[in-house]
Amino acid sequence: MTKILKIRNESDFEKIRIAASVIKKGGLVAFPTETVYGLGANALDVNAVKRIFEVKKRPLDNPIIVHIANKMEIYQLSRDVPSYAKKLIKKFWPGPLTLVLKKAEIVPKITCANLDTIAIRMPDNKIALTLIKEAGVPIAAPSANLAGKPSPTSAQHVIQDLYGKIDIIIDGGPTRIGIESTVINLTASPPVLLRPGGITFEQLRKFLPKLGIHPSIKGEFLKEHAISPGMKYRHYAPSAEMVVIEGEHRNVRRKINELVQIYKKKKKRIGIITTSEFSYDADVIKFIGKTPASIAKNLFRTLREMDDEKVDLIIAEGVKEDGLGLAIMNRLRKASSFNVINV
Ligand code: TXA
Ligand code: MG
């Protein structure tokens, strides 16, 4: 049985308390963050974390982010916090930035998938922060979707994937940012961006001038590069086949029109994800916003909606790769299994 708790804000204290007591007892609670919904358990409880992997059908070699409510908790979870990490924390926490650091002894191996490192973040969401505080333990939480599915940006998405499999789903409304946190590896020298997200590369570069970009982010999918285990799995994927068209806007439109004609002849049901309000001759057209912030917010919901529409092929327009665009393009490429056409 899964209990759904509708919570408007952090003053709905009684309900958050119920959820916190479930975490303390080793249960699983899905909760909103500013990025996407997380599936939380006590990060220090081996059996609770094991259940996260089971219900998500997550491969055991993909480590989980640990969420804290107080910046100082980082010293409990990591044995080495470099001085530049402190600057990042001061500037970006609470917020969508995850730091990979050397792990401390008290964190069980399963949480970090047997690595010597741990990913930590402090979410910028009052419900999440209150839940962590009340539980009194750090909360391990991957995105609350079945492995491989688009990340959940509303409680409804969590219900679709996990209802009946977990103890509580907190419904705190749609999430503000819509794509996951930025992950950077501070144990590498120089530090490396492992996953672009809510905090942009440009923002981070001001603090870490030498920050590198992991090659897999843009789709150079070499095995030896897959140091963040999350990188090697198919991700965010809708059931339909998907293709991303990147390039200058006019060329993108022309290419999409061409593909639409080809697939129509094959009697395929076609869905198009557009950022331009340009109309196409397709079965389903979803406008996902013009600004990078609105595109990020609508992206995962739109991928799920395309599945509901039972399209055979999703064609997505690419966006410019600066700012949040880097994270948006990373998710689109992954959703399409790197089925990308440059025009
Ligand atoms: O915004 C977010 O980060 C959301 C919310 C719920 O906080 N969480 C999230 O978790 O997206 P998940 O599990 O879906 O993605 C975590 C990513 C994975 O790519 C994983 O491989 C990477 O972080 N990661 C976790 N621990 C790591 C470590 N020790 N070293 C390298 N990468 C790590
Ligand atoms: Mg995920």
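Guide: Ile 270 stands opposite Leu 313 in β16. This is a predicted model. The pairing involves strand β14, residues 270–274, and strand β16, residues 313–317. The two strands run parallel and are joined by 4 bridges.

Now widen the view to the sheet. It is open and has 5 strands, in the order β15-β14-β16-β13-β17. The pairing is parallel. At the edges are β15 (284–287) and β17 (340–342), each of which pairs on one side only. On average, neighbouring strands are turned by 20 degrees against each other, direction ignored.

Next come the helices on this sheet. Helix α9, residues 292–308, lies across β13 (241–246), β14, β15 and β16. Against β14, α9 runs at about 165 degrees. Helix α10 also packs on the sheet, where it touches β13, β16 and β17. The direction of α10 makes about 140 degrees with that of β13.

Stay with α10 for one residue. The helix spans residues 325–335 and contains Asn 330. Asn 330 has a relative accessible area of 5%, so it counts as buried, the cut-off being under 20%. Leaving aside residues up to four places away in sequence, Asn 330 touches Pro 196 and Ile 217.

For comparison, turn to another strand, β9, residues 168–171. Both of its faces are covered. Ile 168 and Ile 170 are buried on one side, Ile 169 and Asp 171 on the other. Strand β1 (residues 3–6) runs parallel to β9, with 4 bridges between them. Within β1 and β9, Leu 5 stands opposite Ile 170. Strand β2 (residues 29–31) is also parallel to β9, joined to it by 2 bridges. Here Ala 30 has Ile 169 of β9 as its bridge partner.

Last, a helix pair. Helix α1 (residues 13–24) packs with helix α5 (residues 126–135) at an angle of about 55 degrees. Their axes are 8 Å apart. The angle therefore makes α1 oblique to α5. The crossing of α1 past α5 is right-handed. From α1, the contact takes in Phe 13, Ile 16, Arg 17, Ala 19, Ala 20, Ile 23 and Lys 24. From α5, it takes in Ile 127, Thr 130, Leu 131, Glu 134 and Ala 135. The residues of this contact divide into 8 nonpolar, 1 polar and 3 charged.

Note on methods
Residues numbered from 1 in each chain as written. Chains lettered and ligands numbered in written order. Predicted model: local features only at pLDDT ≥ 70, side-chain atom pairs only at ≥ 80, totals over all residues. Heavy atoms only, no water. Axes fitted to C-alpha atoms, helices over the stretch in contact; angles between N-to-C directions. Parallel < 35°, antiparallel > 145°, perpendicular 65-115°, else oblique. Left-handed = near helix turned anticlockwise from the far one by under 90°. Contact = heavy atoms within 4.5 Å. Nonpolar A, V, L, I, M, F, W, Y, C, P; charged D, E, K, R; others polar. Buried < 20%, exposed > 50% of the residue type's maximum accessible area, 1.4 Å probe, protein only. Pairing = 2+ DSSP bridges.
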